[in-house]
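Visitor: Hi, I have a structure open and would like to talk it through slowly. Could you start with a word I will need, and then take my questions as they come?

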Amino acid sequence: MSNPPRVRVGVDLGGTKIEILALDREERERVRRRIPTPTGGYEAILEAVRWLVKGVEEELGLAGVPIGVASPGTLSEPGGLLKNSNTVCLCGRALRADLERCLARPVRVANDANCFALSEASDGAAKGEAVVFGVILGTGVGGGVVIEGKILSGANGIAGEWGHNPLPWPQAEELPGPECYCGKRGCLETFLSGPGLASDYQRVAGLRLKPEEIVGRAAAGDPSCEAALQRYEDRLARGLAHVINLLDPGVIVLGGGLSNVERLYRRIPRLWSRWVFSDRVLTKLAAPRHGDSSGVRGAARLWEAGDPSSPR
């Protein structure tokens with residue numbers, strides 16, 4: 001596309017929310033809306049996206065605007081069925097084709113962590129960096145890689161999927177690890193997602209708390225919650241050390257609900273040096289400039305000229 005459209009629309013299919021955002025050519029936000037992710041399954045999600053797009057177009061007085069969608073998981077080519085989504089009702093579905101049918105236009109779909117990384121590498125916390133790793137620490141754990149401003153999807157469409165590697169350098173009490181929806185045990189996602197933090201606390205303390213409650217109680221001096229956060233930080237440091245050893249990014253940007261835990265940005269870089277195969281670690285750990293809306297901004301960028309995330 002040599003001439004960018006007047007407005008681009010991004011949609012983020014989150015596990016708990018669906019967000020839509022319209023950006024103009026100057027990257028200004030024209031419309032932003034969020035709704036809870038429907039619990040009625042796949043068709044309900046498609047209808048929610050159709051309703052959101054229709055509402056935005058009516059508000060802007062436009063029709064047929066380009067749509068980019070950030071989704072957990074990735075499209076498996078050549079069939080175009082979604083795989084590896086922790087929103088399991090999306091798995092095995094022809095998400096792009098079904099969205100194109102219900103929206104009556106071409107749609108581009110990319111992994112939500114890739115969209116997040118693209119947003120932060122373009123005009124966010126990692127702007128100007130050659131190699132960027134974007135992390136999602138939310139309902140699930142994902143990762144996206146951007147090199148020289150372009151998404152790295154990989155031959156299998158799974159570049160950056162660090163959440164389904166095992167927790168590195170495990171301790172005895174961490175083995176074999178919790179069961180993961182992917183069918184394996186001990187995946188990083190089972191330790192580092194929001195539900196993973198809650199489950200870890202419950203296993204040790206015998207009480208189920210929400211992640212934000214654990215963080216709040218730790219700040220107030222609760223020793224069991226502080227211990228849970230320290231275990232979380234040590235595991236996150238080990239997981240990100242693996243990423244640094246493999247990709248050597250200039251910046252790692254944290255996204256998802258747990259990216260709001262401010263102490264992570266101080267403590268993790270102090271911890272990961274023990275595991276990184278280098279005499280010093282220059283990689284920076286950064287909070288997202290665009291907060292939890294960075295993924296939807298990246299989705300809106302999927303129709304930019306030359307973007308490799310396009311399946312076409």
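Guide: Let us begin with the word "buried", which means a relative accessible area under 20%, while exposed means over 50% and partly exposed lies in between. Please also keep in mind that this is a predicted model.

Visitor: OK, then is Arg 263 buried or exposed?

Guide: Arg 263 has a relative accessible area of 13%, and because the cut-off for buried is under 20%, this residue counts as buried.

Visitor: And which residue does Arg 263 form a salt bridge with?

Guide: The partner is Glu 226, and the closest N and O atoms of the two are 2.9 Å apart. This pair links distant parts of the chain, since Glu 226 sits in helix H7 and Arg 263 in helix H8 (residues 263-272), 37 residues apart. Glu 226 has a relative accessible area of 21%, so this residue is partly exposed.

Visitor: How many salt bridges does the structure hold?

Guide: There are 28 salt bridges in the structure. Some of them share partners and join residues into one network, whose members include Arg 8, Asp 12, Glu 29, Asp 123, Arg 297 and Arg 301.

Visitor: What does Asp 123 pair with?

Guide: Asp 123 forms a salt bridge with Arg 297, with 3.0 Å between the closest N and O atoms. Here too the pair links distant parts of the chain, with Asp 123 in helix H3 and Arg 297 in helix H9 (residues 294-300), 174 residues apart. Both of these residues are buried.

Visitor: What about the salt bridge of Arg 185?

Guide: Arg 185 forms a salt bridge with Glu 179, the closest N and O atoms being 3.1 Å apart. Arg 185 counts as partly exposed at 43% relative accessibility, whereas Glu 179, with a relative accessible area of 63%, is exposed.

Visitor: Changing topic to the sheet: in what order do the five strands come?

Guide: The five strands form an open sheet in the order E10-E9-E8-E11-E12, and the pairing is mixed. Strand E10 (150-151) and strand E12 (284-286) each have a single partner strand and stand at the edges, so one side of each is left without a neighbour in the sheet.

Visitor: Which helix packs on the sheet and touches E10?

Guide: That is helix H3 (residues 112-123), which touches E8, E9, E10 and strand E11 (251-255), and its direction makes about 45° with that of E9. Helix H7 (residues 223-247) packs on the sheet as well, touching E8, E9, E11 and E12, and the direction of H7 makes about 150° with that of E8.

Visitor: How many bridges join E8 to E9?

Guide: Seven bridges join strand E8 (residues 131-137) to strand E9 (residues 141-147), and the two strands run antiparallel. One example is Val 131, whose bridge partner in E9 is Ile 147. A hairpin of three residues joins E8 to E9.

Visitor: And on to E10, how do E9 and E10 run?

Guide: E9 and E10 run antiparallel and are joined by two bridges, with Lys 150 in E10 as the bridge partner of Ile 147. Their hairpin has two residues between the strands, and in it Glu 148 takes a positive phi near 50°.

Visitor: Why is E9 described as largely enclosed?

Guide: Six of the seven residues of E9 are buried, so this strand is largely enclosed by the rest of the structure.

Visitor: Which residues of helix H2 are buried?

Guide: In helix H2 (residues 95-103), the buried residues are Leu 95, Arg 96, Asp 98, Leu 99, Glu 100 and Leu 103. What covers them includes strand E1 (7-13), helix H1 (42-60) and strand E7 (107-111). Just after H2, Ala 104 takes a positive phi of about 60°.

Visitor: Last topic, the whole chain: how many helices and strands does the secondary structure come to?

Guide: The protein chain has nine helices and 12 strands. Its radius of gyration is 19 Å, close to the 20 Å that the globule rule gives for 312 residues, so the chain is as compact as a globular protein of that length. Of those 312 residues, 53% count as buried, and the accessible surface of the chain comes to about 14000 Å², of which 51% belongs to carbon and sulfur atoms.

Notes:
Residues are numbered from 1 along each chain as its sequence is written. This is a predicted model: local features need pLDDT of at least 70, side-chain atom pairs count only at pLDDT 80 or more; totals for chains, interfaces and linings use all residues. Side-chain values use heavy atoms; hydrogens and water are left out. Two strands pair if DSSP finds at least two bridges between them. Helices (H or I, at least four residues) and strands (E, at least two) are DSSP runs, numbered from the N terminus. Contact means heavy atoms within 4.5 Å. Axes are lines fitted to C-alpha atoms, for helices over the stretch in contact, and angles run from 0 to 180 degrees between N-to-C directions. A salt bridge is a side-chain nitrogen of Lys or Arg within 4 Å of a carboxyl oxygen of Asp or Glu. Buried means under 20% relative accessible area, exposed over 50%, partly exposed in between (1.4 Å probe, protein chains only). The radius of gyration is taken over C-alpha atoms; the globule rule is 2.2 Å times the number of residues to the power 0.38. Accessible areas come from the Shrake-Rupley method with a 1.4 Å probe; for residues, only the protein chains shown count as cover.
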